[in-house]
Amino acid sequence: MQKKLTRIFSKTVFVIGMGGVGSYLLPVLIKTLPISSYITLVDGDNFEVKNLDRQLFPRTLLGLNKAQALAQYYHQNNITADIRYITANFTVPRHSLLIS
């Protein structure tokens, strides 16, 4: 019974690209996914000044990798979600990183 409940109430979500869509999607996922879920952020880019007008990042994260920065930001702000990150651009040959 416990195993069945874990499968029902546990989700694994990958957000590929933490730009204009991904950075706004993350807080929604954190609020709506079951607490035992895993969220993995994937992005190879750094947060730059040119991103300020369209991406949901605090200024303090400028210069950092987008996936790593948002994962650390939400952990530091006492978000209980299990957020992991991959600091690489998603390409078809890299899909094995996500599946392993």
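Predicted model: local features only at pLDDT ≥ 70, side-chain atom pairs only at ≥ 80, totals over all residues.

Colleague: OK, how many residues are in the largest nonpolar core?

Modeller: That core has 19 residues, and those with the most contacts inside it are Leu26, Ile39, Leu41, Leu70 and Ile83.

Colleague: Which elements each supply at least two residues of it?

Modeller: β1 (12–16), α2 (22–32), β2 (38–42) and α3 (66–76) each do. The largest share, five residues, comes from α3.

Colleague: And Ile83, what is it in contact with, leaving aside its neighbours within four places in sequence?

Modeller: Ile83 touches Ile30, Ile39, Leu41, Ala71, Tyr74 and His75.

Colleague: Switching to rings: how many aromatic pairs does a search of the whole structure find?

Modeller: Two. In one of them, the ring centres of Phe47 and Phe57 are 4.2 Å apart with planes at 20°, so that pair is stacked.

Colleague: Where do Phe47 and Phe57 lie?

Modeller: Both lie in the loop between β2 and α3, so the pair ties together parts that are 10 residues apart in sequence. Phe47 and Phe57 are both buried.

Colleague: What about Tyr73 and Tyr74, what kind of pair do they form?

Modeller: An edge-to-face one, 5.3 Å centre to centre with 80° between the planes.

Colleague: Is Tyr74 buried or exposed, and why?

Modeller: Tyr74 has 11% relative accessibility, so it counts as buried. Tyr73 is at 29%, so Tyr73 counts as partly exposed.

Notes: Residues numbered from 1 in each chain as written. Heavy atoms only, no water. Core = buried A, V, L, I, M, F, W, Y, C linked by side-chain atoms within 4.5 Å. Buried < 20%, exposed > 50% of the residue type's maximum accessible area, 1.4 Å probe, protein only. Helix = DSSP H or I, 4+ residues; strand = E, 2+ residues; numbered from the N terminus. Contact = heavy atoms within 4.5 Å. Phe/Tyr/Trp six-rings, centres within 6.5 Å; stacked < 30°, edge-to-face > 60°.
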